Amino acid sequence: MKKITTLFVLVFASQFLMAEKVSENEVPKEVKARFSEMFPNSYVTQWEEEFGNYEAEFKLNKIGNSALFSPAGQWLQTETDIKIEVLPMAVFEYISKNIAGKKIAEAAKILDAKGVVTYEAEIAGEDYIFDAKGNFLRKQKA
């Protein structure tokens, strides 16, 4: 019985740890101001709160993007949709060796505040993260 109760609590708690849609009114003014400063020709299509930070989903030059900000408005990272074939060749090599038979559904390039570039490949409902050269870093739920 303890195992079932513990499992229930973990599943229930995990629902609060994931991204949650929020209205623009719930987003701190510092976050909205920083977004407008960084992406003046864009508008947010959706706001989410993710682990205490705020993520803006938007289009820039008809390309899907998301930008993550701290509650104080500090930019943390931007994720830009890319064509799958733009991923580094090492990503495809990793997939053919380790996830044979699976296809990449979506791809993105991520730039963080330190200038570090990583790539994300969504495969079978999971995000595979690779460094700028295409070396596998980690896997996480999409």
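Modeller: The largest nonpolar core of this predicted model has twelve residues in all: V22, V27, V31, F35, F39, W47, Y54, A56, F58, A67, F69 and W75. A nonpolar core is a set of buried Ala, Val, Leu, Ile, Met, Phe, Trp, Tyr and Cys residues joined through side-chain atoms within 4.5 Å. Buried means under 20% relative accessible area, exposed over 50%, and partly exposed in between, with a 1.4 Å probe and protein chains only. In soluble globular proteins, nonpolar side chains tend to be buried together.

Colleague: Which elements each supply at least two residues of this core?

Modeller: They are α2 (29-38), β3 (53-60) and β4 (63-69). The largest share, three residues, comes from β3. Such elements are DSSP runs numbered from the N terminus, helices being H or I of at least four residues and strands E of at least two. There is also a second, separate core of eleven residues, which includes I99, I123, Y128 and F130.

Colleague: What is V27 in contact with, leaving aside its neighbours within four places in sequence?

Modeller: Contact means heavy atoms within 4.5 Å. With those neighbours left aside, V27 is in contact with V22, K32, W47 and Y54.

Colleague: On what basis are the numbering and the values given?

Modeller: Residues are numbered from 1 along each chain as its sequence is written, and side-chain values use heavy atoms, with hydrogens and water left out. Since this is a predicted model, local features need pLDDT of at least 70 and side-chain atom pairs count only at pLDDT 80 or more, while totals for chains, interfaces and linings use all residues.

Colleague: How is the mean pLDDT of the protein chain to be read, and what is its value?

Modeller: pLDDT is the predictor's confidence in each residue, from 0 to 100. The mean for the protein chain is 89, and 87% of its residues reach 70 or more. Over residues 1-17, however, the pLDDT is below 50, and this stretch has one contact in the model beyond near neighbours in sequence. Where pLDDT is low, the predicted coordinates should not be read in detail.

Colleague: What pattern does the protein chain follow along the sequence?

Modeller: The chain has three helices and nine strands, in the order α-β-α-β-β-β-β-α-β-β-β-β. Of its 142 residues, 31% count as buried.

Colleague: How should I read strand pairing, and how many bridges join β2 and β3?

Modeller: Two strands pair if DSSP finds at least two bridges between them. β2 and β3 pair in the antiparallel sense over six bridges, with E49 opposite Y54 in β3. These two strands form a hairpin with two residues between them, and F51 in the turn has a positive phi of about 55°. Strand β1 (residues 20-22) pairs with strand β2 (residues 44-50), also antiparallel, over three bridges; here K21 stands opposite E48 in β2.

Colleague: Which residue in the turn of the β8 and β9 hairpin has a positive phi?

Modeller: It is G134, at about 95°, in a hairpin with four residues between the strands. Five bridges join the antiparallel strands β8 (residues 126-131) and β9 (residues 136-141), and E126 stands opposite K141 in β9. N135 is found in the loop between β8 and β9.

Colleague: Why does N135 count as partly exposed?

Modeller: N135 counts as partly exposed because its relative accessibility is 40%. N135 lies 8.9 Å from P88, C-alpha to C-alpha, although 47 residues separate the two in sequence.

Colleague: Is S66 buried or exposed?

Modeller: S66, in strand β4, counts as buried because its relative accessibility is 9%. The side chain of S66 makes a polar contact with the side chain of E55 at 3.2 Å. A polar contact is a pair of N or O atoms within 3.5 Å; within protein, one must be able to donate a hydrogen and the other to accept it, and residues adjacent in sequence count only if both atoms are side-chain atoms.

Colleague: Where does I99 lie, and what does it touch?

Modeller: I99 lies in the loop between α3 (89-98) and β6 (104-112). Residues up to four places away in sequence not counted, I99 touches Y94, I123 and Y128. I99 is buried, with a relative accessible area of 10%.
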